[in-house]
Amino acid sequence: AEAHAHGLGKDRPLRVLDVGAGHGFFLEECRKLGIDARGIETSPEAVKYATETLKQDVRPIALESLPAD
């Protein structure tokens, strides 16, 4: 809401990528504010909860596929 008050998202929708989205609670709050929010998460259980229970766009990513540096 504060971002909208400062004019952000006025010309085009705000977009968020939540890295380490967990169970999707932050994404849920973003969507309530009209923010286009998506996430990636390494925990299959968290991804399942976020997608099935909260209906959020959270995609699994293998920890091994992330850069080590």
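## Y49 and its surroundings

Leaving aside neighbours within four places in sequence, Y49 is in contact (heavy atoms within 4.5 Å) with H23, F25 and L54. This is a predicted model, in which local features need pLDDT of at least 70 and side-chain atom pairs count only at pLDDT 80 or more, while totals for chains, interfaces and linings use all residues. Residues are numbered from 1 along each chain as its sequence is written, and side-chain values use heavy atoms, with hydrogens and water left out.

Y49 sits in helix α3, residues 44–53. Helices (H or I, at least four residues) and strands (E, at least two) are DSSP runs, numbered from the N terminus. Is Y49 buried, partly exposed or exposed? It counts as partly exposed because its relative accessibility is 31%; buried means under 20% relative accessible area, exposed over 50%, and partly exposed in between, with a 1.4 Å probe and protein chains only.

Let's turn to the helix itself. A46, V47 and A50 are buried in α3. They lie on the same side of α3 because they cover an arc of only 100 degrees around the axis, the arc being that of the directions from the helix axis to the C-beta atoms. The buried residues of α3 pack against β2 and β3 (58–60). On the face turned away from the buried side, α3 carries the exposed residues P44 and E45.

Just after α3, K55 adopts a positive phi of about 60 degrees. Q56 belongs to the loop between α3 and β3, and it counts as buried because its relative accessibility is 9%.

What does the side chain of Q56 reach? One partner is the side chain of R31, in a polar contact at 3.5 Å; such a contact is a pair of N or O atoms within 3.5 Å where, within protein, one must be able to donate a hydrogen and the other to accept it, and residues adjacent in sequence count only if both atoms are side-chain atoms. The Q56 side chain also reaches the backbone oxygen of L54 at 3.1 Å. Not counting residues up to four places away in sequence, Q56 touches G24, L27, E28, R31, A50 and T51.

## Strands β1 and β2

Strands β1 (residues 15–19) and β2 (residues 36–41) run parallel and are joined by five bridges; two strands pair if DSSP finds at least two bridges between them. R15 stands opposite D36 in β2.
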